[in-house]
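Let's take a walk through this protein together, one region at a time. Keep the structure open beside you as you read.

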Amino acid sequence: MRVILIKYGELTTKKGNRNFFIKKLTENLQHKLKKYDVKLVKDRSRMYLEFLDQDLEKIEKIVQNTFGIHKYHLAYMVDTNKEMIESQLLEVAHHHTFQTFKIEVKRSDKTFPISSLEYASHLGGIILKNICNIKVDVHRPDVTFTVEIRQGQSYIYTNSIKAVGGYPVGTQEKGMLMLSGGIDSPVAGYLALKRGMTLDAVYFEAIPHTSIEARNKVIELTKKLVTYTNSIQLHIVPFTALQEEIYKKCKPEYSITMMRRMMYRIMEQLAKKNHGLVIVNGESIGQVASQTLVSMNVINSVTSMPVIRPVACLDKLEIMDIAKKIDTYDISILPYEDCCTVFVPKHPVIHPNIETCLRMEEEFSYQELIDTCVLHTFTLKITDEEEENYQDLL
């Protein structure tokens, strides 16, 4: 029987908590695979999936994109007895074209009567006897046949396919992701999910200064992130009145700093309302004026919540590489501006003074405007179900 043999990687270091992590991984996989006829069997070191051949490509994609899985193999599973292992290995070998090969035996079942090295040599002899014009090469073989001998069942495979690793989503609590239409914030969301967080996303829009197309970009980016989790609540904040008041009452060079201070205050309120424990964003040190260390300090001072910046120490090319890998890059570069870019001043301050910010905030009733933003925030639940027209819900 052919199965997908899944290996946990980092989860195996969890010792006493391992069962909790494996249980969450199992739940996430079962949710993603609910449309398919599969059987999932697990233990403390690995799990395997039985599947229908016609579903293999789609199931593999799900496995590859499920956090908590380090790698997997397309393997043949047989009962752990000598004759069945040798027969299946020979059948697998006959389906490969190669001139050199290597046998690796991993024997976790110590009741099996032959040691790993002895059995690898024995199996190599069987292949040499039955297939012509081949030889053993333990350094650079054309193909490596791996035989894992375990109690009950053994596995035979020739491949190792890397998955996304990390921790299963849901092994940490919820973070609130500041999701713009840019390149950086979806990558930050992906990396937060990789560490086991669940996420809500928050998008600040300023209609008519920003467009419906910009909102649609963010919806599409959220759908991409849902590839790695089960669902994401997308909170759309009507930011127009507050943003316009900032541009009326504040120094132009401070407009981005002031806008970010307001956003952090709104994020804190939304987090408390939606049971989020941290703010997550795509800030990268020094990339723009609001992301110098001085600016971050001044902006961050308005909230007592932890702020997680997964891409803070990555350069732009590294962030772009991840965006391309997770398929958000082409969406992010669509030419629809969000409220962080539509009113960028010609010379934004890079070393803002917190006393200056406080004086400007005394000039208008920002708390009332913040409360209005939170009150009128609209929420969409973005799921991994079939295509849905979310605009019908707005």
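In this predicted model, six strands line up as an open sheet, in the order β14-β13-β10-β11-β12-β15. The pairing within this sheet is mixed. Its edges are formed by β14 (307-308) and β15 (378-383), each of which pairs on one side only. Strands of a sheet pair through backbone hydrogen bonds, and they can do so in a parallel or an antiparallel way. For one antiparallel example, look at β12 (residues 231-238) and β15, which are joined by six bridges. Here histidine 235 has threonine 379 in β15 as its bridge partner.

Next, find leucine 270, which belongs to helix α8 (residues 255-274). Is leucine 270 buried or exposed? Its relative accessible area is 2%, so leucine 270 counts as buried. Leaving aside residues up to four places away in sequence, leucine 270 touches Met176, Val202, Val237, Val374 and Thr377. Valine 226 lies 44 residues from leucine 270 along the chain, and the C-alpha atoms of these two residues are 20 Å apart.

Now turn to strand β5 (residues 100-107), which has two parallel partners to visit. With strand β6 (residues 135-136), β5 pairs in the parallel sense over two bridges, and phenylalanine 101 stands opposite valine 136 in β6.

Which residues of α2 are buried? They are Leu56, Ile59, Glu60, Ile62 and Val63. Because these residues cover an arc of only 160° around the axis, they sit on the same side of α2. The face turned away from that buried side carries the exposed residues Glu57, Lys58 and Lys61. As for what the buried residues of α2 pack against, the list is β1 (2-7), α1 (18-32), β3 (46-50), β4 (69-79) and β9 (161-165).

Helix α10 (residues 316-325) can be read in a similar manner. Its buried residues are Ile319, Met320, Ile322 and Ala323. They too span an arc of only 160° around the axis, and therefore fall on the same side of α10. Leu317, Asp321 and Lys325 are exposed on the other side of α10. The buried residues of α10 pack against α5 (184-194) and α11 (329-332). Look at the ends of this helix as well. At the start of α10, aspartate 315 brings a side-chain oxygen to within 3.1 Å of the backbone nitrogen of leucine 317. Just after α10, aspartate 327 adopts a positive phi of about 70°.

Finally, a word on cysteines. A disulfide is a covalent bond between the sulfur atoms of two cysteines. How many disulfides does the structure hold? The count is zero.

Methods
Residues are numbered from 1 along each chain as its sequence is written. This is a predicted model: local features need pLDDT of at least 70, side-chain atom pairs count only at pLDDT 80 or more; totals for chains, interfaces and linings use all residues. Side-chain values use heavy atoms; hydrogens and water are left out. Buried means under 20% relative accessible area, exposed over 50%, partly exposed in between (1.4 Å probe, protein chains only). Helices (H or I, at least four residues) and strands (E, at least two) are DSSP runs, numbered from the N terminus. The arc is that of the directions from the helix axis to the C-beta atoms. Contact means heavy atoms within 4.5 Å. A polar contact is a pair of N or O atoms within 3.5 Å; within protein, one must be able to donate a hydrogen and the other to accept it, and residues adjacent in sequence count only if both atoms are side-chain atoms. Two strands pair if DSSP finds at least two bridges between them. A disulfide is a pair of cysteine sulfur atoms within 2.5 Å.
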